[in-house]
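Look over the two chains shown here.

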Amino acid sequence: MRLPPHVSAWTVSALLGLLLWLPGTLLAEPVRVQVVEPFLELHTGPGRGYPVFHVLESGDKALILMRRTEWFKVRGESGVEGWVDRAQMERTLTDAGVSMGFGQVLLEDYLARRFEIAFVAGLFDKEASVGLRAGYRLGEYLTAEAGITHVPGTFSSSTVFNLNLVSNPFPDWRISPTFTIGAGYFDNVPQPTLVAGEEFSGNSALAGIGLRSFLSRHFVARVDWRRHVVLAGDESNREYDEFSAGFGFFF
Amino acid sequence: MKGSMAMLASLMLTSLVATVPAYAQVPEPRERQEPVIEPALERPEVVIPRIDTENFEINAFVGLLSIEDFGTQPVYGLRAAYHLSENFFLEASFGLSNIQDSSYRRLGIPLFESETEDVAYYNLSLAYNIFPGEVFVGRGRAYTSAIFLMIGAGNIRIVDEDEFTYSVGLGLRVLPRDWLSLRMDLRNHMFDSDLLGQSKLTHNPELSLGLGVYF
């Protein structure tokens, strides 16, 4: 946050350099498929509204170059390139003679589904807060989660770091309940304009309940209520309630 | 007639006797059985195709950030987005800028310790591609594009003081290549500012140009 401008400028340009180098290195092997339906429609862009400008016919071969959300970029034998939606892509055959198949594409996504990242916003002890959650699925029912919540309040700016275990006993429910316990660190810095502000920090623990709803296969809406207990060092612990709502995605 | 009956009976009896050993025989466990016929089939190795998915976008931006009651200063930063579907994406942004109290200093009422102070912000946003489309460059080129709306929440730190920030934005994304994105973003960062002594809601527009890659 307090980097001198020239250091930040160097960081940005180094990152930019990295970005320009990335796409070349991440090219995966293209997958070859054969069209078995009467035709495969190629759209000009990865979206419903883009017009169909070309069709590949039954028996034609095509290369899948990449996937963006639910759209696949393919190249026909003539060299023409276009975007095909998932529903049509699943009805093609790979070199092995097997269908890309609903099951297989879904399975691939499901198996790849290990990490979850979510953005949340809410109220922490009646002050607006914003947070980031990163989860790693340990199994079907359990997720390890690291969270950071920032509360830029009226009198002080608090930051809570947490490591949580989130239990999700009914992962296949449309709206599925979660139970969270965690431990962490709470840091409270008074706003500099406040004269008599006092900094305090300490270890903290939390317990919470929440709801998750799978809006689509990668997209999750979530709400949480969490109670934080901060061990501030003096006789009394401080307790804060946090309500948050947000969106997450799996990859 | 009698003879034929006897023959039938004996036939039935022999067939019954013949089946008895079959019932009595305990089949061997499957793993100990020798395969009767080795199938001359070549089984194709089924591999789930690894398709290059490009749903992440990172971009660097430069622009102008105007802070209410203060001037407009250059801003630069980074954004990282994940495209959830053709309609929605989530994006985290981080930006650096500065704030100057030159006008107040000229009047003899400096507000900050030094004339130029640091500004840093971050926000987390949800965006919706409201008008996906194509832009045409000359006669022969068409690039995929989208106009999107976003709402977000975050923080802005001005002279070491944190303020919770809401933001709304409108943006244009053009993809000259499938992995390369050009962005133009207009955002309003809204927060309660007490820099002039009294807390009030301020509107702080930002206009930026960005260059990004998908991976």
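Lys73(A) sits in strand β5 of chain A, which covers residues 71–76. Keep in mind that this is a predicted model. Is Lys73(A) buried or exposed? Its relative accessible area is 11%, so Lys73(A) is buried. The cut-off for buried is under 20%. The side chain of Lys73(A) has a polar partner: the side chain of Glu81(A), at 3.2 Å. Leaving out residues up to four places away in sequence, Lys73(A) touches several residues of chain A, including Leu63(A), Ile64(A), Leu65(A) and Trp83(A). The list of touched residues also includes Asp178(B).

Now step back to the whole of chain A. It has 3 helices and 15 strands. Of its 251 residues, 44% count as buried. Take the contacts in chain A between residues at least 6 apart in sequence: 45% of them join residues at least 24 apart.

**Aromatic rings**

Over all chains, the structure holds 16 aromatic pairs. One of them is formed by Phe219(A) and Phe247(A), and this pair is tilted. It links distant parts of the chain, with the two residues 28 apart. Phe219(A) lies in strand β14 (residues 219–231) of chain A, and Phe247(A) in strand β15 (residues 238–250) of chain A. Phe219(A) is buried, because its relative accessible area is 6%. Phe247(A) counts as partly exposed, because its relative accessibility is 29%.

Another pair is formed by Phe249(A) and Phe56(B), and this one is edge-to-face. Phe249(A) lies in strand β15 of chain A and Phe56(B) in strand β1 (residues 56–66) of chain B, so the pair joins two chains. Phe249(A) is buried, at a relative accessible area of 4%. Phe56(B) is partly exposed, at 23%.

The table sets out the geometry of these two pairs.

| Pair | Centre to centre | Angle between planes |
|---|---|---|
| Phe219(A) and Phe247(A) | 5.5 Å | 40° |
| Phe249(A) and Phe56(B) | 6.3 Å | 65° |

There is also a cluster of rings. Phe219(A), Phe247(A), Phe88(B) and Tyr128(B) form one aromatic cluster.

Rings can have charged neighbours too. The charged end of Arg68(A) sits over the ring of Tyr214(B), 3.6 Å from the ring centre. In chain B, the charged end of Arg173(B) sits over the ring of Phe89(B), 4.7 Å from its centre.

**Chain B: the annotated span**

What feature does UniProt place at residues 72–215 of chain B? The unreviewed entry gives "domain: Outer membrane protein beta-barrel". In the model, this span is 77% strand and 3% helix. Its end C-alpha atoms lie 34 Å apart.

**Asn123(B), a buried polar residue**

Asn123(B) lies in strand β4 of chain B, which covers residues 116–137. Its relative accessibility is 3%, so Asn123(B) counts as buried. Which side chains make polar contacts with the side chain of Asn123(B)? One is that of Ser125(B), at 3.3 Å. Another is that of Arg187(B), at 3.3 Å. With residues up to four places away in sequence left out, Asn123(B) touches residues that include Glu91(B), Ser93(B), Gly154(B), Ser167(B) and His189(B). Arg187(B) is also among them.

**Ser199(B), in a loop**

Ser199(B) is in the loop between β7 (180–193) and β8 (200–214) of chain B. Is Ser199(B) buried or exposed? Ser199(B) counts as exposed, because its relative accessibility is 53%. The cut-off for exposed is over 50%. Not counting residues up to four places away in sequence, Ser199(B) touches Asp192(B), Ser193(B) and Asp194(B). How far apart are Ser199(B) and Arg177(B)? In sequence, they are 22 residues apart. In space, they are 46 Å apart, C-alpha to C-alpha.

Key:
Residues are numbered from 1 along each chain as its sequence is written. Chains are lettered from A and ligands numbered from 1 in the order in which they are written. This is a predicted model: local features need pLDDT of at least 70, side-chain atom pairs count only at pLDDT 80 or more; totals for chains, interfaces and linings use all residues. Side-chain values use heavy atoms; hydrogens and water are left out. UniProt positions are given in the numbering used here, feature names are shortened, and annotations may be inferred rather than shown by experiment. Helices (H or I, at least four residues) and strands (E, at least two) are DSSP runs, numbered from the N terminus. Buried means under 20% relative accessible area, exposed over 50%, partly exposed in between (1.4 Å probe, protein chains only). A polar contact is a pair of N or O atoms within 3.5 Å; within protein, one must be able to donate a hydrogen and the other to accept it, and residues adjacent in sequence count only if both atoms are side-chain atoms. Contact means heavy atoms within 4.5 Å. Rings of Phe, Tyr and Trp (its six-membered ring) pair if their centres lie within 6.5 Å; planes under 30 degrees apart count as stacked, over 60 as edge-to-face and the rest as tilted. A charge sits over a ring if NZ of Lys or CZ of Arg is within 6 Å of the ring centre and within 35 degrees of the ring normal.
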